[in-house]
Amino acid sequence: MFYSGFDALFSILFPLVFLFVLGMILFTVVGNLRTWSKNNASPRLTVPATVVAKRMNVSRYHTSTSATTYYVTFQVESGDRMELEVGGSDYGMLVEGDTGKLSFQGTRYLGFERKDG
């Protein structure tokens with residue numbers, strides 16, 4: 001019968017798909033924990049920097065909702081650039097060309113104090 005073949009296929013594929021999805025979830029959680037731990041072990045630094053670029057990433061979901069992630073690229077005195085995720089209010093306040101003091105810890109943005117003038 002057709003159903004017995006379908007049942008056999010389902011009984012093989014369902015556990016494989018389940019294990020794949022579970023593996024992806026665990027991979028993501030472990031990666032996030034590793035980044036969090038590395039950031040916590042990093043020193044808090046405050047360095048002179050310039051805002052050189054801004055971008056945002058909008059993720060849309062099937063339920064007609066979305067989430068926006070904001071990023072700002074800073075250039076430090078050595079010429080190195082780093083892109084950090086920032087909150088929406090900080091993103092709105094920063095303008096390309098702003099100079100000041102960037103505070104960060106690993107890949108975690110802590111703040112930016114704009115230099116007057």
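Which residue forms a salt bridge with Arg114, and how far apart are the closest N and O atoms? In this predicted model, the partner of Arg114 is Asp98, with the closest N and O atoms 3.0 Å apart.

Arg114 has a relative accessibility of 36% and counts as partly exposed. Asp98 counts as buried because its relative accessibility is 13%, and the cut-off for burial is under 20%.

## The Arg55–Glu83 salt bridge

The count of salt bridges comes to two. Besides the pair described above, Arg55 forms a salt bridge with Glu83, and the closest N and O atoms lie 2.7 Å apart. This pair links distant parts of the chain: Arg55 is in strand β1 (residues 44-60) and Glu83 is in strand β3 (residues 81-86), 28 residues apart.

Arg55 is partly exposed, with a relative accessible area of 39%. Glu83, at 39% relative accessibility, also counts as partly exposed.

Strands β2 and β3 pair in the antiparallel sense over six bridges. They form a hairpin with four residues between them, and Gly79 in the turn has a positive phi of about 100°.

Thr73 lies in strand β2 (residues 66-76), and its bridge partner in β3 is Glu83. Is Thr73 buried or exposed? Thr73 counts as buried because its relative accessibility is 14%, and burial requires a value under 20%. Leaving aside neighbours within four places in sequence, Thr73 is in contact with Thr50, Val51, Val52 and Ala53, as well as with Arg81, Met82 and Glu83.

## A nonpolar surface patch

A nonpolar patch on the surface is formed by Val17, Phe20, Val21, Met24, Ile25, Val29, Leu33 and Trp36. Together these residues have about 800 Å² of accessible area.

Trp36, one of the patch residues, is found in helix α1 (residues 2-41). Trp36 counts as exposed because its relative accessibility is 51%, and the class of exposed residues begins over 50%.

Definitions and conventions: Residues numbered from 1 in each chain as written. Predicted model: local features only at pLDDT ≥ 70, side-chain atom pairs only at ≥ 80, totals over all residues. Heavy atoms only, no water. Patch = residues over 30% accessible without salt bridge, like charges linked within 9 Å, V, L, I, M, F, W, Y side chains within 5 Å. Areas by Shrake-Rupley, 256 points an atom, 1.4 Å probe, with all protein chains shown as cover. Salt bridge = Lys/Arg side-chain N within 4 Å of Asp/Glu carboxyl O. Helix = DSSP H or I, 4+ residues; strand = E, 2+ residues; numbered from the N terminus. Buried < 20%, exposed > 50% of the residue type's maximum accessible area, 1.4 Å probe, protein only. Contact = heavy atoms within 4.5 Å. Pairing = 2+ DSSP bridges.
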